[in-house]
Amino acid sequence: MAIKYITFECVSRCDMNCGFCFSYWRDGAPEVGTEKAKDMIRQLRDQGLEAINYTGGEPLLRKDLPELLRFSKDLGLTTIVTTDGIPLKRKLGEIADRMDYLGLPLDSANSTIHNKMRITKATDNHYGLVLGLLDTLHDDYSHIGVKINTVVTKRNLGSIAGIGGLVKGKAISWKLSQFLPAAYGALHRTNFEITREEYDAEVRRCREADSGVPLVISPANSCDDCCRVLSANGELMQPNGNKLVSLGGISTLNKDEIVRGFNEEDNMRALNKTYLTPK
(Lines give C-alpha, C1' and ligand atoms only; values in the text may rest on other atoms or scores of the structure.)
Protein backbone atom coordinates (compact mmCIF):
# COMPACT_ATOMS: atom_id res chain seq x y z
CA MET A 1 0.00 0.00 0.00
CA ALA A 2 1.23 3.52 -0.81
CA ILE A 3 0.13 7.12 -0.92
CA LYS A 4 -0.30 7.80 -4.63
CA TYR A 5 -1.45 11.41 -4.31
CA ILE A 6 -0.59 14.01 -1.68
CA THR A 7 -1.34 17.67 -1.04
CA PHE A 8 1.71 19.72 -0.06
CA GLU A 9 0.77 22.95 1.76
CA CYS A 10 4.19 24.26 0.84
CA VAL A 11 3.78 27.83 2.06
CA SER A 12 2.30 29.48 5.16
CA ARG A 13 1.49 32.80 3.45
CA CYS A 14 -1.36 33.99 1.26
CA ASP A 15 -2.38 37.12 -0.63
CA MET A 16 -6.08 36.55 0.11
CA ASN A 17 -8.11 36.65 3.32
CA CYS A 18 -11.11 34.41 2.68
CA GLY A 19 -13.32 33.81 5.70
CA PHE A 20 -14.19 30.28 4.55
CA CYS A 21 -10.53 29.15 4.31
CA PHE A 22 -9.92 25.69 5.78
CA SER A 23 -6.13 25.85 5.48
CA TYR A 24 -3.89 25.88 8.53
CA TRP A 25 -1.27 28.18 6.98
CA ARG A 26 -2.48 30.98 9.26
CA ASP A 27 -0.90 29.20 12.20
CA GLY A 28 2.38 30.79 11.09
CA ALA A 29 4.20 27.49 10.75
CA PRO A 30 7.78 27.77 9.51
CA GLU A 31 8.36 26.62 5.95
CA VAL A 32 10.84 23.87 5.23
CA GLY A 33 13.76 24.87 3.01
CA THR A 34 14.26 23.76 -0.56
CA GLU A 35 16.52 20.80 0.13
CA LYS A 36 14.35 19.51 2.97
CA ALA A 37 11.28 19.77 0.75
CA LYS A 38 13.05 17.84 -2.00
CA ASP A 39 14.11 15.16 0.48
CA MET A 40 10.51 14.67 1.66
CA ILE A 41 9.20 14.48 -1.90
CA ARG A 42 11.90 11.97 -2.83
CA GLN A 43 11.08 9.79 0.18
CA LEU A 44 7.39 9.75 -0.70
CA ARG A 45 8.15 8.99 -4.36
CA ASP A 46 10.35 6.09 -3.28
CA GLN A 47 7.36 4.75 -1.34
CA GLY A 48 5.02 4.94 -4.32
CA LEU A 49 3.90 8.57 -4.68
CA GLU A 50 2.66 9.37 -8.20
CA ALA A 51 1.21 12.89 -7.99
CA ILE A 52 1.77 15.97 -5.82
CA ASN A 53 -0.53 18.97 -5.45
CA TYR A 54 1.23 22.18 -4.38
CA THR A 55 -1.12 24.36 -2.35
CA GLY A 56 -0.88 26.85 0.54
CA GLY A 57 -1.66 29.54 1.42
CA GLU A 58 -0.65 30.67 -2.02
CA PRO A 59 2.03 28.32 -3.39
CA LEU A 60 3.31 30.83 -5.95
CA LEU A 61 4.51 33.05 -3.08
CA ARG A 62 7.18 30.42 -2.49
CA LYS A 63 10.22 31.57 -4.51
CA ASP A 64 11.54 28.06 -5.04
CA LEU A 65 8.25 26.65 -6.37
CA PRO A 66 9.58 26.50 -9.98
CA GLU A 67 12.56 24.52 -8.69
CA LEU A 68 10.36 22.15 -6.68
CA LEU A 69 8.09 21.63 -9.67
CA ARG A 70 11.05 20.80 -11.91
CA PHE A 71 12.42 18.44 -9.26
CA SER A 72 9.05 16.69 -8.99
CA LYS A 73 8.78 16.33 -12.76
CA ASP A 74 12.30 14.92 -12.93
CA LEU A 75 11.23 12.28 -10.39
CA GLY A 76 8.42 11.28 -12.74
CA LEU A 77 5.62 12.75 -10.64
CA THR A 78 2.43 14.33 -11.94
CA THR A 79 2.55 17.95 -10.78
CA ILE A 80 -0.44 20.05 -9.75
CA VAL A 81 -0.59 23.66 -8.58
CA THR A 82 -3.67 25.00 -6.77
CA THR A 83 -3.47 28.79 -6.81
CA ASP A 84 -5.72 31.81 -6.33
CA GLY A 85 -4.28 33.05 -9.64
CA ILE A 86 -3.04 36.44 -8.44
CA PRO A 87 0.71 35.77 -8.95
CA LEU A 88 0.09 33.40 -11.85
CA LYS A 89 -0.04 35.88 -14.72
CA ARG A 90 3.56 36.98 -14.22
CA LYS A 91 4.84 33.48 -13.43
CA LEU A 92 2.88 31.29 -15.83
CA GLY A 93 5.53 31.30 -18.55
CA GLU A 94 8.18 30.19 -16.07
CA ILE A 95 6.28 27.20 -14.70
CA ALA A 96 4.00 26.17 -17.56
CA ASP A 97 6.28 23.36 -18.71
CA ARG A 98 6.66 22.07 -15.17
CA MET A 99 3.03 21.42 -14.23
CA ASP A 100 0.45 19.02 -15.56
CA TYR A 101 -2.65 20.41 -13.86
CA LEU A 102 -3.75 23.72 -12.41
CA GLY A 103 -6.57 24.56 -9.99
CA LEU A 104 -8.20 28.03 -9.94
CA PRO A 105 -11.02 29.37 -7.75
CA LEU A 106 -14.39 30.59 -8.98
CA ASP A 107 -17.15 30.74 -6.38
CA SER A 108 -20.04 32.31 -8.25
CA ALA A 109 -21.25 33.15 -11.74
CA ASN A 110 -22.00 36.57 -10.25
CA SER A 111 -18.87 38.73 -10.13
CA THR A 112 -20.02 40.74 -7.10
CA ILE A 113 -20.67 37.64 -4.99
CA HIS A 114 -17.36 36.06 -5.99
CA ASN A 115 -15.33 39.20 -5.29
CA LYS A 116 -16.97 39.64 -1.87
CA MET A 117 -16.03 36.06 -0.95
CA ARG A 118 -12.47 36.20 -2.30
CA ILE A 119 -11.04 39.04 -0.22
CA THR A 120 -7.74 40.48 -1.43
CA LYS A 121 -5.96 43.81 -1.69
CA ALA A 122 -4.17 42.67 -4.83
CA THR A 123 -7.09 43.34 -7.18
CA ASP A 124 -10.60 44.74 -7.02
CA ASN A 125 -11.83 42.25 -9.63
CA HIS A 126 -10.55 38.78 -8.83
CA TYR A 127 -13.46 37.34 -10.81
CA GLY A 128 -12.23 39.04 -13.99
CA LEU A 129 -8.65 37.99 -13.27
CA VAL A 130 -9.64 34.32 -13.10
CA LEU A 131 -11.72 34.44 -16.27
CA GLY A 132 -8.82 36.12 -18.08
CA LEU A 133 -6.44 33.40 -16.91
CA LEU A 134 -8.84 30.71 -18.13
CA ASP A 135 -8.83 32.28 -21.59
CA THR A 136 -5.02 32.47 -21.62
CA LEU A 137 -4.68 28.87 -20.49
CA HIS A 138 -7.16 27.70 -23.10
CA ASP A 139 -5.51 29.65 -25.94
CA ASP A 140 -1.81 29.33 -25.11
CA TYR A 141 -1.29 26.48 -22.63
CA SER A 142 -3.70 23.78 -23.69
CA HIS A 143 -1.33 21.05 -22.42
CA ILE A 144 -2.23 22.02 -18.83
CA GLY A 145 -5.36 20.41 -17.42
CA VAL A 146 -7.47 22.99 -15.56
CA LYS A 147 -9.85 22.53 -12.64
CA ILE A 148 -12.21 25.14 -11.25
CA ASN A 149 -12.60 25.00 -7.45
CA THR A 150 -15.88 26.25 -5.99
CA VAL A 151 -16.58 26.33 -2.26
CA VAL A 152 -20.34 26.00 -1.68
CA THR A 153 -21.36 28.22 1.25
CA LYS A 154 -24.30 30.17 2.60
CA ARG A 155 -22.95 33.24 0.78
CA ASN A 156 -23.11 31.86 -2.77
CA LEU A 157 -26.02 29.40 -2.73
CA GLY A 158 -28.17 29.94 -5.80
CA SER A 159 -25.46 31.80 -7.74
CA ILE A 160 -23.13 28.91 -8.59
CA ALA A 161 -24.85 27.04 -11.41
CA GLY A 162 -23.88 29.54 -14.11
CA ILE A 163 -20.16 28.86 -13.65
CA GLY A 164 -20.45 25.88 -15.97
CA GLY A 165 -21.62 28.15 -18.76
CA LEU A 166 -18.54 30.35 -18.29
CA VAL A 167 -16.14 27.45 -18.79
CA LYS A 168 -18.03 25.22 -21.21
CA GLY A 169 -16.00 24.42 -24.30
CA LYS A 170 -12.71 24.54 -22.44
CA ALA A 171 -10.84 21.44 -21.24
CA ILE A 172 -11.88 21.99 -17.63
CA SER A 173 -13.26 20.00 -14.73
CA TRP A 174 -15.25 21.63 -11.95
CA LYS A 175 -15.10 20.72 -8.27
CA LEU A 176 -17.87 21.66 -5.84
CA SER A 177 -16.61 21.48 -2.25
CA GLN A 178 -18.98 21.88 0.66
CA PHE A 179 -17.75 24.49 3.15
CA LEU A 180 -15.77 22.83 5.94
CA PRO A 181 -15.71 24.72 9.28
CA ALA A 182 -12.05 23.95 9.93
CA ALA A 183 -9.04 26.09 10.85
CA TYR A 184 -9.76 29.76 10.03
CA GLY A 185 -13.16 28.85 8.60
CA ALA A 186 -14.28 27.55 11.99
CA LEU A 187 -14.27 31.14 13.24
CA HIS A 188 -16.78 32.11 10.56
CA ARG A 189 -19.01 29.06 10.38
CA THR A 190 -22.23 31.03 11.03
CA ASN A 191 -21.53 33.09 7.89
CA PHE A 192 -20.76 30.17 5.61
CA GLU A 193 -21.94 26.79 6.95
CA ILE A 194 -24.64 24.90 5.06
CA THR A 195 -26.34 21.56 5.56
CA ARG A 196 -25.65 18.50 3.45
CA GLU A 197 -29.17 18.86 2.04
CA GLU A 198 -28.43 22.42 0.91
CA TYR A 199 -25.18 21.28 -0.66
CA ASP A 200 -26.88 18.41 -2.51
CA ALA A 201 -29.55 20.77 -3.83
CA GLU A 202 -26.88 23.12 -5.21
CA VAL A 203 -25.13 20.19 -6.89
CA ARG A 204 -28.41 19.24 -8.58
CA ARG A 205 -28.87 22.80 -9.84
CA CYS A 206 -25.38 22.77 -11.31
CA ARG A 207 -25.91 19.44 -13.02
CA GLU A 208 -29.18 20.59 -14.54
CA ALA A 209 -27.86 23.96 -15.70
CA ASP A 210 -24.36 23.01 -16.77
CA SER A 211 -24.45 19.54 -18.26
CA GLY A 212 -21.35 18.79 -20.28
CA VAL A 213 -18.83 20.14 -17.76
CA PRO A 214 -17.15 17.31 -15.78
CA LEU A 215 -18.36 17.79 -12.19
CA VAL A 216 -16.48 16.59 -9.10
CA ILE A 217 -18.52 16.32 -5.92
CA SER A 218 -16.84 16.84 -2.55
CA PRO A 219 -19.11 16.90 0.52
CA ALA A 220 -17.50 17.96 3.80
CA ASN A 221 -15.33 15.25 5.41
CA SER A 222 -15.81 12.88 2.49
CA CYS A 223 -12.09 12.21 1.91
CA ASP A 224 -10.69 11.82 5.44
CA ASP A 225 -9.59 8.19 5.00
CA CYS A 226 -7.87 8.77 1.66
CA CYS A 227 -6.23 12.13 2.21
CA ARG A 228 -2.74 12.98 3.45
CA VAL A 229 -1.43 16.54 3.70
CA LEU A 230 2.22 17.52 3.92
CA SER A 231 2.39 20.73 5.94
CA ALA A 232 4.63 23.73 5.31
CA ASN A 233 6.85 22.71 8.23
CA GLY A 234 7.23 19.13 6.97
CA GLU A 235 4.71 17.19 9.04
CA LEU A 236 2.46 14.56 7.54
CA MET A 237 -1.15 15.35 8.43
CA GLN A 238 -4.37 13.35 8.27
CA PRO A 239 -7.87 14.91 8.25
CA ASN A 240 -10.04 13.85 11.16
CA GLY A 241 -13.42 15.54 11.11
CA ASN A 242 -12.80 19.27 11.03
CA LYS A 243 -9.17 18.98 12.13
CA LEU A 244 -5.81 17.93 10.75
CA VAL A 245 -3.95 15.52 13.00
CA SER A 246 -0.15 15.32 12.78
CA LEU A 247 1.34 11.88 12.18
CA GLY A 248 4.89 13.23 12.55
CA GLY A 249 7.76 14.20 10.29
CA ILE A 250 8.30 12.18 7.11
CA SER A 251 11.83 11.21 8.11
CA THR A 252 10.64 9.83 11.47
CA LEU A 253 7.83 7.67 10.07
CA ASN A 254 8.11 4.22 8.59
CA LYS A 255 5.91 3.20 5.69
CA ASP A 256 3.40 1.35 7.87
CA GLU A 257 2.89 4.45 10.03
CA ILE A 258 2.37 6.64 6.97
CA VAL A 259 -0.44 4.48 5.53
CA ARG A 260 -2.09 3.28 8.75
CA GLY A 261 -5.87 3.75 8.43
CA PHE A 262 -5.40 4.88 4.84
CA ASN A 263 -7.60 3.94 1.88
CA GLU A 264 -5.32 3.71 -1.16
CA GLU A 265 -8.12 2.97 -3.62
CA ASP A 266 -10.06 6.09 -2.62
CA ASN A 267 -6.83 8.12 -2.67
CA MET A 268 -6.24 7.26 -6.30
CA ARG A 269 -9.91 7.72 -7.15
CA ALA A 270 -9.76 11.23 -5.69
CA LEU A 271 -6.81 12.06 -7.94
CA ASN A 272 -8.35 10.59 -11.08
CA LYS A 273 -11.77 12.19 -10.80
CA THR A 274 -10.41 15.57 -9.72
CA TYR A 275 -7.52 16.26 -12.05
CA LEU A 276 -7.38 13.89 -14.97
CA THR A 277 -9.34 16.21 -17.23
CA PRO A 278 -9.43 15.98 -21.04
CA LYS A 279 -6.65 18.02 -22.64
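**Exercise 1. Where is Gly57 placed, and which residue does a cis peptide bond join to Gly57?**

Step 1. Gly57 sits in the loop between strand E2 (51-55) and H2; helices (H or I, at least four residues) and strands (E, at least two) are DSSP runs, numbered from the N terminus. Step 2. The cis bond links Gly56 with Gly57, at an omega of about 20 degrees.

The model is predicted, so local features need pLDDT of at least 70 and side-chain atom pairs count only at pLDDT 80 or more, while totals for chains, interfaces and linings use all residues. Residues are numbered from 1 along each chain as its sequence is written, and side-chain values use heavy atoms, leaving out hydrogens and water.

**Exercise 2. Describe the packing of H1 on H2**.

Step 1. Helix H1 (residues 34-46) and helix H2 (residues 65-74) pack at about 25 degrees, their axes 11 Å apart. Axes are lines fitted to C-alpha atoms, for helices over the stretch in contact, and angles run from 0 to 180 degrees between N-to-C directions.
Step 2. H1 and H2 are therefore roughly parallel (angles under 35 degrees; over 145 is roughly antiparallel, 65 to 115 roughly perpendicular, the rest oblique).
Step 3. From H1, the contact (heavy atoms within 4.5 Å) uses Thr34, Glu35, Ala37, Lys38, Ile41 and Arg42; from H2 it uses Glu67, Leu68, Phe71 and Ser72.

**Exercise 3. Give the strand order of the open sheet and its edge strands**.

Step 1. The 10 strands follow the order E7-E6-E5-E4-E3-E2-E1-E8-E9-E10, with mixed pairing; two strands pair if DSSP finds at least two bridges between them.
Step 2. Strand E7 (215-218) and strand E10 (243-249) are the edges, each pairing on one side only.
Step 3. Strand E1 (residues 5-9) runs parallel to strand E8 (residues 229-230), joined by 2 bridges. Phe8 stands opposite Leu230 in E8.

**Exercise 4. Which parts does the pair Phe20 and Phe192 tie together?**

Step 1. Phe20 and Phe192 are edge-to-face, 5.6 Å centre to centre with 70 degrees between the planes. Rings of Phe, Tyr and Trp (its six-membered ring) pair if their centres lie within 6.5 Å; planes under 30 degrees apart are stacked, over 60 edge-to-face, the rest tilted.
Step 2. Phe20 lies in the loop between E1 and H1 and Phe192 in helix H7 (residues 189-192), so the pair ties together parts 172 residues apart in sequence.
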